[in-house]
Amino acid sequence: MKYPIAEKFVSINGEGTKAGELAVFIRFSKCNLNCTYCDTKWANADECDAEMLSPEQIAGYVYGTGIKNVTLTGGEPLLQKGLYAIIEMLAEQGNKVEIETNGSISIAEFCGKKHRPCFTLDYKLPGSGMESAMELGNYNYLKSDDTVKFVSGSLSDLERAVEIIEKYELTKKCSVYISPVFGSIDPADIVEFMKNKRLNGVKLQLQLHKFIWDPEERGV
């Protein structure tokens with residue numbers, strides 16, 4: 001089996017618990033959502049010029065970089081059938097595998113596996129236009145090395161984030177981050193909101209790669 005890879009590269013993790021650490025990024029093409037603020041629409045388009053690679057080719061590329069952190073992203077990586085074959089191969093050659101997922105697809109099938117990856121799940125807030133697609137059953141499978149991320153573009157988005165954090169007691173299960181929609185909300189306003197709501201255990205995170213490089217640049 002071969003998989004559509006929109007791009008592959010080495011950079012720093014721009015967000016999540018490994019922010020600032022080197023990682024190999026494997027970006028799969030295609031997504032089942034269409035968020036208003038999506039910054040990788042090019043990878044989701046039908047005309048995306050994806051490279052078809054086997055698990056062995058993907059693992060070989062990662063091995064050749066010498067980098068141990070691997071982020072499978074998209075698009076939406078959980079759309080790919082047989083994804084565990086890639087995860088297993090990467091894990092057995094000593095890599096730590098993270099999956100960045102939009103939160104609309106169940107992670108259950110991976111959670112009983114020998115090589116369980118860690119997950120960074122988005123919760124799509126109302127401003128994304130995709131909140132109704134969220135798979136809330138995923139919160140039953142969270143572990144301490146997983147993350148739930150809320151990308152917020154407004155104060156109403158932030159209010160909804162608090163509702164979900166509290167309802168599912170997310171800070172007791174995993175890391176919880178709030179990130180601004182780039183250019184839509186002042187991070188200082190998020191800090192004030194967090195102070196007013198006394199959001200203990202929640203972290204504000206800015207996307208490092210969008211400050212280091214042009215926000216539209218690929219492969220970073």
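What is the volume of the second largest pocket? It comes to about 200 Å³. The model is a predicted one.

**The pocket**

The second largest pocket is lined by Thr17, Lys18, Ile87, Ala91, Asn95, Lys96, Val97, His115, Arg116, Pro117, Cys118 and Asp145. Two elements each give two or more residues to this lining: α3 (83-92) and β5 (96-101). Five lining residues are nonpolar, three are polar and four are charged.

**The cavity**

Empty space left between atoms is found by rolling a probe the size of a water molecule over them. How many cavities of 30 Å³ or more does a search of the whole structure find? The search finds one. The largest cavity has a volume of about 30 Å³. Its lining consists of Asn13, Lys18, Asn69, Val70, Thr71, Lys96, Val97, Glu98 and Cys118. Here β4 (69-73) and β5 are the elements that give two or more residues. By class, the cavity lining holds three nonpolar, three polar and three charged residues.

**Two helix pairs**

A packed pair of helices is described by the angle between the axes and the distance between them. The table gives both values for each pair.

| Helix pair | Angle | Axis distance |
|---|---|---|
| α4 (residues 155-167) and α5 (residues 187-197) | about 40° | 11 Å |
| α2 (residues 55-65) and α3 | about 35° | 9 Å |

Take α4 and α5 first. They pack at about 40°. That angle makes α4 oblique to α5. Their crossing is right-handed. Which residues meet? From α4 come Leu155, Leu158, Glu159 and Val162; from α5 come Ile190, Phe193 and Lys197. Five residues of this contact are nonpolar, none is polar and two are charged.

Now α2 and α3. The crossing of α2 and α3 is right-handed. Helix α2 brings Pro55, Glu56, Ile58, Ala59 and Val62 to the contact, and α3 brings Ile86, Met89 and Leu90. This contact has seven nonpolar residues, no polar ones and one charged residue.

**Backbone features**

Most peptide bonds are trans, and most residues other than glycine have a negative phi. Two places in this model depart from that pattern. The peptide bond from Gly74 to Gly75 is cis, with omega near 15°. Gly75 sits in the loop between β4 and α3. Lys30 is not a glycine, yet its phi is positive, at about 80°. Lys30 belongs to the loop between β2 (22-28) and α1 (41-44).

Definitions and conventions
Residues numbered from 1 in each chain as written. Predicted model: local features only at pLDDT ≥ 70, side-chain atom pairs only at ≥ 80, totals over all residues. Heavy atoms only, no water. Axes fitted to C-alpha atoms, helices over the stretch in contact; angles between N-to-C directions. Helix = DSSP H or I, 4+ residues; strand = E, 2+ residues; numbered from the N terminus. Parallel < 35°, antiparallel > 145°, perpendicular 65-115°, else oblique. Left-handed = near helix turned anticlockwise from the far one by under 90°. Contact = heavy atoms within 4.5 Å. Nonpolar A, V, L, I, M, F, W, Y, C, P; charged D, E, K, R; others polar. 1 Å grid on protein atoms, 1.4 Å probe; cavity = no way out; pocket = protein on both sides within 12 Å on 5 of 7 lines; lining within 4 Å. Points joined across faces, edges and corners; volume = space filled by probe spheres on them.
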